Amino acid sequence: MNTAHLVRAHDPLSSVLAAERTPQFAGGHCARILAALRSHPATAHELQATTGLTVVQIDRRLPDLLKAGQARVVQLGGDDLMRGGARVWEAA
């Protein structure tokens, strides 16, 4: 994975080190999100309570899980199921 685009110009050393660990964090985050979704469909806000991740971290990983075919948005009558203004996700 090319992580050069993740490096900040004003703090290159620590930014390079963090960028190199991105795949490791992403994989761990995805595993935690999937484990929670296998228990029950949930929104990013609901997943926050069960995964210990922030909503921002979850929102970054859900599209990755969607592309990988591991998660999907719950559909109801052809529309995305919403709860509290947020999409409800489930494990695929």
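Leaving aside neighbours within four places in sequence, which residues is Thr 43 in contact with? In this predicted model, residues are numbered from 1 along each chain as its sequence is written, local features need pLDDT of at least 70, side-chain atom pairs count only at pLDDT 80 or more, and totals for chains, interfaces and linings use all residues. Side-chain values use heavy atoms, with hydrogens and water left out.

Beyond those sequence neighbours, Thr 43 is in contact with Arg 83, Ala 86, Arg 87 and Val 88, contact meaning heavy atoms within 4.5 Å. Thr 43 is located in the loop between helix H2 (22–39) and H3; helices (H or I, at least four residues) and strands (E, at least two) are DSSP runs, numbered from the N terminus. With a relative accessibility of 3%, Thr 43 counts as buried, where buried means under 20% relative accessible area, exposed over 50% and partly exposed in between (1.4 Å probe, protein chains only).

Helix H3 (residues 44–51) packs with helix H4 (residues 55–67) at an angle of about 110°, and their axes are 9 Å apart. Axes are lines fitted to C-alpha atoms, for helices over the stretch in contact, and angles run from 0 to 180 degrees between N-to-C directions. H3 is therefore roughly perpendicular to H4 (65 to 115 degrees; under 35 counts as roughly parallel, over 145 as roughly antiparallel and the rest as oblique). From H3, the contact is made by Ala 44, His 45, Leu 47, Gln 48 and Thr 51, and from H4 by Val 55, Ile 58, Asp 59 and Leu 62. Five nonpolar, three polar and one charged residue make up this contact; Ala, Val, Leu, Ile, Met, Phe, Trp, Tyr, Cys and Pro count as nonpolar, Asp, Glu, Lys and Arg as charged, and the others, Gly among them, as polar.

Within H3, the buried residues are Ala 44, Leu 47 and Thr 51. Viewed down the axis of H3, these buried residues fall within an arc of 50° and so line one face of the helix, the arc being that of the directions from the helix axis to the C-beta atoms. His 45 and Ala 49 are exposed on the other side of H3. Just after H3, Gly 52 adopts a positive phi of about 80°.

Strand S1 (residues 71–73) includes Ala 71, which is buried at a relative accessible area of 2%. Leaving aside neighbours within four places in sequence, Ala 71 is in contact with Leu 37, Leu 65, Leu 66, Trp 89, Glu 90, Ala 91 and Ala 92. The C-alpha atoms of Ala 71 and Ile 33 are 9.4 Å apart in space, with the two residues 38 residues apart in sequence.
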